[in-house]
Amino acid sequence: MFGFTKRAKDGPAEVKASATGGIATPAIAYGASGRVAWTPRDTVSLIRNGFQGNPVGFRSVKMIAEAAAALPLALYGPDGRFDTHPMLTLMRRPNGAQGRAELLEALFGQILLSGDGFIEAVGDGGLPEELHVLRSDRMSVVPGSDGWPVGYEYAVGARKHRFQVADGISPICHVKSFHPQDDHYGLSPLQAAATALDVHNSASRWSKALLDNAARPSGAIVYQGGDGLLSPDQYDRLVAEMEAHHQGARNAGRPMLLEGGLDWKQMGFSPSDMEFQQTKEAASREIALAFGVPPMLLGIPGDATYANYAEANRAFYRITVLPLANRVVAAMSHWLSIFGGEEAELRVDLDQVPALALERDAQWRRIAEADFLTDAEKRAMLGLASE
């Protein structure tokens, strides 16, 4: 059996720790050139601009990750459902700092933000004693000559730790989204929504800049007197008055007195001319579409796909939350079963999901009214044990 990473022998005998826990995080500074450009498509930049700096992306990821992490799980073996099992105990408290919901929320969040999720197993053999979610932007897949991973490398600054795959047993469970052009890494919804995120963020920055400029579009003061040129003293006085009395939010709404042949000429589009609000709402819907969140659940106006909030919430679970959760828990249960040496499968307990209560009631009623089925057949169709 593969030996997992442990603390040094002079440490506490029974204490297990993540192999990456002792790697210090360096301070990283980012700068911007100030010019208009598309956001870089690397993971760090996309997370900073699409999650930390965008309310639609932030809320979409939080809604999916929290909903998927809150789903009740059940464990099944060849003989039926387990009421107690070491794997259920591990999932209930995967490590000393996190419960099941916290660990799964971090895992789902990493998959949504980067397309990849990595879980580290800590233990001496057999079923792991602890599970830890590792940051995907720090992890690299080490492929072998046949293309399959032979290891995983976790890097923080100049320090690196190699997780080696030995005898077909990997200390890392890698769950990735589908990527048509990459064999080892998944495709993030943030990458698909990157253009819409740039539009939404740019619109927000433009709105803030407009407010800082007294909510007026840019323009020019035109001198129409004499030969069209101001004297140096007139020019300096005009600039000083503009800076002191007509710039900044504190001077919003203050009237401008133009004299001596001066005239104001607008040189920018007004918010109504740019269809400003419609542009932001369209970008918001595209971001929500990339993540699979009905815009109605995010409070984005103009979406009439679903008749009401409850219908949109059921669709959210069916088309987004459940497929993601089923894929992740299936990968985790297969990976953990290799360590335990026992066939077991984690599944989402659909009967305990409140958002699907109406569908469950309709199914139970339809099966109960089927007179051509025996009681044993009805119980089997509902996933219940026979009497």
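**Close-up 1. Strand E3 and its partner E8.** Strand E3 (residues 116-122) runs antiparallel to E8, and 5 bridges join the two. Gly 117 stands opposite Val 175 in E8. The model is predicted: local features need pLDDT of at least 70, side-chain atom pairs count only at pLDDT 80 or more, and totals for chains, interfaces and linings use all residues. Residues are numbered from 1 along each chain as its sequence is written, and side-chain values use heavy atoms, with hydrogens and water left out. Strands (E, at least two residues) and helices (H or I, at least four) are DSSP runs, numbered from the N terminus; two strands pair if DSSP finds at least two bridges between them.

**Close-up 2. The open sheet E4-E3-E8.** This sheet has 3 strands with antiparallel pairing. Strand E4 (130-134) and strand E8 (172-176) are at the edges, each with a single partner strand, so one side of each has no neighbour in the sheet. From one strand to the next the twist averages 25°. H9 lies across E3, E4 and E8, and runs at about 160° to E8. Contact means heavy atoms within 4.5 Å. Axes are lines fitted to C-alpha atoms, for helices over the stretch in contact, and angles run from 0 to 180 degrees between N-to-C directions.

**Close-up 3. The open sheet E2-E1-E11.** Here 3 strands pair in the antiparallel sense. Strand E2 (80-82) and strand E11 (345-348) are the edge strands, and each pairs on one side only. The twist averages 45° from one strand to the next. Helix H9 (residues 309-340) packs on this sheet, where it touches E1 and E11, and its direction makes about 165° with that of E11. Strand E1 (residues 73-77) is joined to E2 by 3 bridges, and Tyr 76 stands opposite Arg 81 in E2.

**Close-up 4. The crossing of H4 and H9.** The axes of helix H4 (residues 100-114) and H9 come within 12 Å and cross at roughly 115°. The two helices are therefore roughly perpendicular to each other (65 to 115 degrees; under 35 counts as roughly parallel, over 145 as roughly antiparallel and the rest as oblique). From H4, Leu 104, Leu 107, Phe 108, Ile 111 and Leu 112 meet Leu 324, Ala 325, Val 328 and Met 332 in H9.

**Close-up 5. The nonpolar cores.** A nonpolar core is a set of buried Ala, Val, Leu, Ile, Met, Phe, Trp, Tyr and Cys residues joined through side-chain atoms within 4.5 Å. Of the 60 residues in the largest core, Leu 104, Phe 108, Leu 131, Phe 316 and Tyr 317 touch the most other members. H9 gives the most to this core, with 13 residues. Not counting residues up to four places away in sequence, Phe 316 touches Met 63, Ile 64, Ala 67, Gly 292, Val 293, Pro 294, Leu 297 and Val 321. A second, separate core of 10 residues includes Ala 19, Leu 134, Tyr 152 and Phe 163.

Close-up 6. His 200 lies in helix H6 (residues 194-212). Its relative accessibility is 5%, so His 200 counts as buried (under 20% relative accessible area; exposed is over 50%, partly exposed in between, with a 1.4 Å probe and protein chains only). Leaving aside neighbours within four places in sequence, His 200 is in contact with Asn 54, Pro 55, Val 56, Lys 280, Ala 283, Ser 284 and Ile 287.
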